[in-house]
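Please read the points below with the model open beside you, and look up each residue as it comes up.

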Amino acid sequence: MPAAGRVPAASLQDRGSVGPARPDTVLVVDFGAQYAQLIARRVREANVYSEIVPHTITAEEVAARAPAAIVYSGGPRSVHQPGAPLPDPRILDLGIPVLGICYGIQVIAQQLGGVVDRSGRGEYGRTPFASEAPLGEASAGPGLFWKLPSRFDVWMSHFDAVTEVPPGFRVTGSTPGSPVAAMEDPRRRVHAVQFHPEVVHTEGGQAILANFLHEVAGCRPTWTTTSVIDAAVGAVAAQVGGERVICGLSGGVDSAVAAALVHEAVGDQLTCVFVDTGLLRAGEAEQVEATFRGRFGVDLVQVDAAERFLGALDDIADPERKRKIIGETFIRVFEEAAAGLGDARFLVQGTLYPDVIESGTGEAARIKSHHNVGGLPEDMDFELVEPLRALFKDEVRAVGEQLGLPEEIVWRQPFPGPGLAVRIVGTVTPERVRILRAADAIVTEEIRAAGLYRELWQSFAVLPVVRTVGVQGDERTYAYPVVIRAVTSDDAMTADWARLPYELVERLSSRIVGEVPGVNRVVLDVTSKPPGTIEWE
């Protein structure tokens, strides 16, 4: 069974029909909300494709993309603040169904002639909501709250509120602090809510989004595993033609699924290149060999580049420099491998949508440069093939299952492309890699033994480059601490620290200190994302 809060693979499975090559698309307009990515995920859970776009997108650009619907996200600002992010008001005149969420309802009200004011007190957290309107006018069909009870709890996070709806709108719901907690103009197919339907704390939140997508906007639920595979295979075949392709295969789920998709598209034109960077988890190289060469008969080239990567990282402590150095070194190794394979022009990468978002695109501020996005060198000989670039992690897992990849690959926890280098907080040395690899292997072994591996998004060890005083064998020690990091998450955009059983934490501490030379202390990271990130670097 999937962990609580996760999307089961079956939610992406084909439901009897294969969608068109170009699925209906929903544009999620990002006003800087922490939940913009979550909205996009929830839309896809309703089997409708979504993309995040910046609030600076123009009406002409929206019209050119011909979306089936638009969602205005929440945001941290007030519409009354100077410089507040505001969309092109002409978007609301395009006749495209629009759903405004939180800040989005305030933007819609302000731009269409309503009134947004301070309500006197904010609303934060779980709040009782009452629907104040029937399903909608008969001519317009069902509304947002179709088949939902008249009263349920919603999740609020706002101070400003709509106090007067624009002409043509009517109030469809209220809370104690927001007389206009929901409003609609069914003739224009513009709906808006002050609360957050995308979060699990809102009762029936997914049903509200599905009502908007399917009933109001008429979006077709064709975003399925089968449609994703068909579209990706077709796009790769068209891009590559009859030329040679290499895939940077790490053994993780992303590169494995990318390799399987490309192999579906081009067959023997694909050669997978596995680079041993010296920064891998224990047993990783052996598993890649057994799975891809032994089980699937993939044309696999192994390159031992451990000394090269460690040499390039010598005396480098800054995490951004680490990622960029590793990204460039990967490319150079792949270029050399390609030269020995008839100068392959195409390089397959397992880049995901969160990688693109976190590396900084449009409204998404750069959190960290992923080695396969922001860490790539400008001067490289490859044209990239990225069949997973539009997908979130759970969607990738569902595709992997449909393609027949083994469970141990599909459900392997995410591992950063730069490997252990970004789990060593400071400069990287062979000794520190050895220490961290051994500690990390114990964490994985114990988490699996406790039956928690599939329930956790990630669980791993971190090595800060500091030393602490300890006592072992009645003698003073001066050695490294190891940090245990374990989190739960839906898609890595947000995460909560995992409440591991005390008995498990005790075993981890005892084994790591007792079995890994150079470690005399174990600590537990209890920080969520935000404010932290899942990885330390």
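1. A residue is called buried when its relative accessible area is under 20%, exposed when it is over 50%, and partly exposed in between, with a 1.4 Å probe and protein chains only. By this rule C219 counts as buried, because its relative accessible area is 4%, and C102 is buried as well, with a value of 4%. A search of the whole structure finds 0 disulfides, a disulfide being a pair of cysteine sulfur atoms within 2.5 Å.

2. This is a predicted model, in which local features need pLDDT of at least 70 and side-chain atom pairs count only at pLDDT 80 or more, while totals for chains, interfaces and linings use all residues. Residues are numbered from 1 along each chain as its sequence is written, and side-chain values use heavy atoms, with hydrogens and water left out.

3. The structure holds 10 aromatic pairs, where rings of Phe, Tyr and Trp (its six-membered ring) pair if their centres lie within 6.5 Å, and planes under 30 degrees apart count as stacked, over 60 as edge-to-face and the rest as tilted. The pair of F31 and Y103 is tilted because its planes stand at 55 degrees, with the ring centres 5.3 Å apart. This pair links distant parts of the chain, 72 residues apart, since F31 lies in the loop between β1 (25-30) and α1 (36-45) and Y103 in helix α3 (residues 103-111); helices (H or I, at least four residues) and strands (E, at least two) are DSSP runs, numbered from the N terminus. Both F31 and Y103 are buried.

4. Y49 and W223 form another tilted pair, with 4.6 Å from centre to centre and 45 degrees between the planes. Here too distant parts of the chain are linked, as Y49 belongs to strand β2 (residues 49-54) and W223 to the loop between α4 (205-216) and α5 (225-240), 174 residues apart. Y49 is buried at 11% relative accessible area, and W223 is buried at 9%.

5. One aromatic cluster is formed by F129, F145, F152 and F195.

6. R397 lies over the face of W457, 5.8 Å from the ring centre, and R448 lies over the face of Y453, at 3.8 Å. A charge sits over a ring if NZ of Lys or CZ of Arg is within 6 Å of the ring centre and within 35 degrees of the ring normal.

7. The mean pLDDT (the predictor's confidence in each residue, from 0 to 100) of the protein chain is 86, and 89% of its residues reach 70 or more. Over residues 1-20, however, the pLDDT is below 50, and over residues 360-375 it is also below 50.

Methods
Contact = heavy atoms within 4.5 Å.
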